[in-house]
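Subject: Structure handover

Hello,

My notes on what turned up follow below it.

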Amino acid sequence: MSIFAAPGAYDRAITVFSPDGRLFQVEYALETVNRGATIVGIASADGIVLGAEEKIESKLQDPQFTWKIFEVDSHLGAAVVGLGSDARILIDQARVYAQSNRLMYDEPIDVEIITKRVGDIKQLYTQHAGVRPFGVSIIFGGVDKTGSRIFSTDPSGSYRAYKAIAVGIGRETVENILKEEYKENMTLEELIKLCTKCLVKSLEARNEAPRIKLAVIPAATKKLKMLTDEEIDKYMKQI
Amino acid sequence: MSDQAQYPYMYIPGATTIGVVFKDGVILAAEKRVSYGYFIMSKGGKKVFKVTDTIGAACAGLVSDMQLLLRDVEAYANLYRLDAGRPVSVKAAAKIMSNLLFSTRFVPLITQTIVGGIDDEGASLYVLDVLGSLIPDKYAAVGTGAEIAMGVLEEGYKENMNQKEVKDLVVRAMKSAISRDSMSGNGVDFLIITKEGIEEQSMPF
């Protein structure tokens, strides 16, 4: 045995299991995600809403700029939490998958399929040598042939379907609100209000100034729309 | 012509192949003759194919090429179903075939195809040529007997026909084509696709 593989050093390379069957690097990546600013995704038959806390680092930053919510295709959006730079790589790849699905099948890609594709990439980075896992969780939300769907992937590459989900530092606060107030028959307007409330409360709980971004995809149009800061202000005042 | 006499596989067999959309589904039909020039190679060629439980295809052209193409499309349709967790739509299945045909543009698969079936959007039908052009339609005919069959379809087709009316129309079109196109004949295979599934039928004449 070489001197580098000292007993107990199961977090030096991600391809190495610990004796109790854990991959520490993947768990550390999850930790990055759990400490990131909260993102939320909520779905009802009426459509889906994606929301994100976006803290401004400098007064000179352009307030219009959004870096946690992305349009992947016209019917499909994504909210990311964790390392923003890692996220961009996955979003770029997701956009390619979305377009290639249109070329292959003449159909917009299903939300589950795009989540699975991105999960596949993440999984590779938990098994190959010489790489580190993506420190990102992504909530994909969209309206496809199967209806309004929300899926979430974590750094291990596994994914699940949700009616409503929050990831990041405010997860507990938000999920308590969601468990209390989410109903499957909510209108899109109600979803936006609920999402706004979740994010504002989670920021308040940490004594931070509320600054959030929202995107909606109505089931009627299947077209993603980023809400303007004025529209978001309007919803925040209603809480 | 002397080349063709020397190499029988240089012949492209003729065919009459028809597809019609009706109220509750699609009927695909192709006659059974496989001809190599003046010689009838087979009286039992099958030119209609199941792609999925609700999608079928009917072809004209080289039998080897249609068999190969359909096996590929079937494989991709199965992978799609397993991946997406829902069956492939008729349009997507036709698009898969279109991509396969276009990808062999420089050594084309010599087969014209009618893809038809039922999905969430109802019954639909697409016509593809050798290079994979994809054209949605209500009724179509391909093959050497297409002109003759199309005359009958054109005259007899109406919106919202029921299954029996459409089958009668297809049989009439087939009979016309078979009696005047020397490369078509020896009976007809049908694929009748409705919500209940695919029913295969055969008719000698």
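The largest nonpolar core has 69 residues. Those with the most contacts inside it are B:Val20, B:Ile27, B:Ala29, B:Ala93, B:Val115, B:Ala149 and B:Leu153. A second, separate core counts 63 residues, including A:Ala43, A:Ala52, A:Ala87 and A:Phe140. As background, nonpolar side chains in soluble globular proteins tend to be buried together. Please keep in mind that this is a predicted model.

Chain B overall

Five helices and 12 strands make up the secondary structure of chain B. Along the principal axes, its C-alpha atoms fill a box of roughly 50 × 40 × 25 Å. The radius of gyration is 16 Å; a compact globule of 205 residues would come near 17 Å, so chain B agrees with that. Of the 205 residues in chain B, 50% are buried. Take the contacts in chain B between residues at least 6 apart in sequence: 66% of them join residues at least 24 apart.

Helix H4

Two of the core residues named above, B:Ala149 and B:Leu153, are among the buried residues of helix H4 of chain B, which spans residues 146-156. What covers them? The cover includes strand S1 (17-22), strand S10 (139-142) and helix H5 (163-180) of chain B.

Start with B:Ala29. Leaving aside neighbours within four places in sequence, B:Ala29 is in contact with B:Ile18, B:Ala58, B:Val170, B:Met174, B:Val188, B:Asp189 and B:Phe190.

Then go to B:Gly25, in strand S2 (residues 25-31) of chain B. Is B:Gly25 buried or exposed? B:Gly25 is buried, because 24 other C-beta atoms lie within 10 Å and the cut-off for buried is 20 or more. With neighbours within four places in sequence left aside, the contacts of B:Gly25 are B:Ile118, B:Ala123, B:Ile192, B:Ile193 and B:Thr194. B:Val166 is 141 residues away from B:Gly25 along the chain, yet their C-alpha atoms are separated by 10 Å.

Where the chains meet

Nine residues of chain A are in contact with 11 residues of chain B. On the chain A side, helix H2 (84-105) and helix H3 (111-124) are the elements that give two or more residues. That side divides into three nonpolar residues, one polar and five charged.

Best wishes

Methods:
Residues numbered from 1 in each chain as written. Chains lettered and ligands numbered in written order. Predicted model: local features only at pLDDT ≥ 70, side-chain atom pairs only at ≥ 80, totals over all residues. Helix = DSSP H or I, 4+ residues; strand = E, 2+ residues; numbered from the N terminus. Rg over C-alpha atoms; globule rule 2.2 N^0.38 Å. Buried ≥ 20, exposed ≤ 12 C-beta atoms within 10 Å, placed from the backbone. Contact = placed C-beta atoms within 7 Å. Nonpolar A, V, L, I, M, F, W, Y, C, P; charged D, E, K, R; others polar. Core = buried A, V, L, I, M, F, W, Y, C linked by C-beta atoms within 7 Å.
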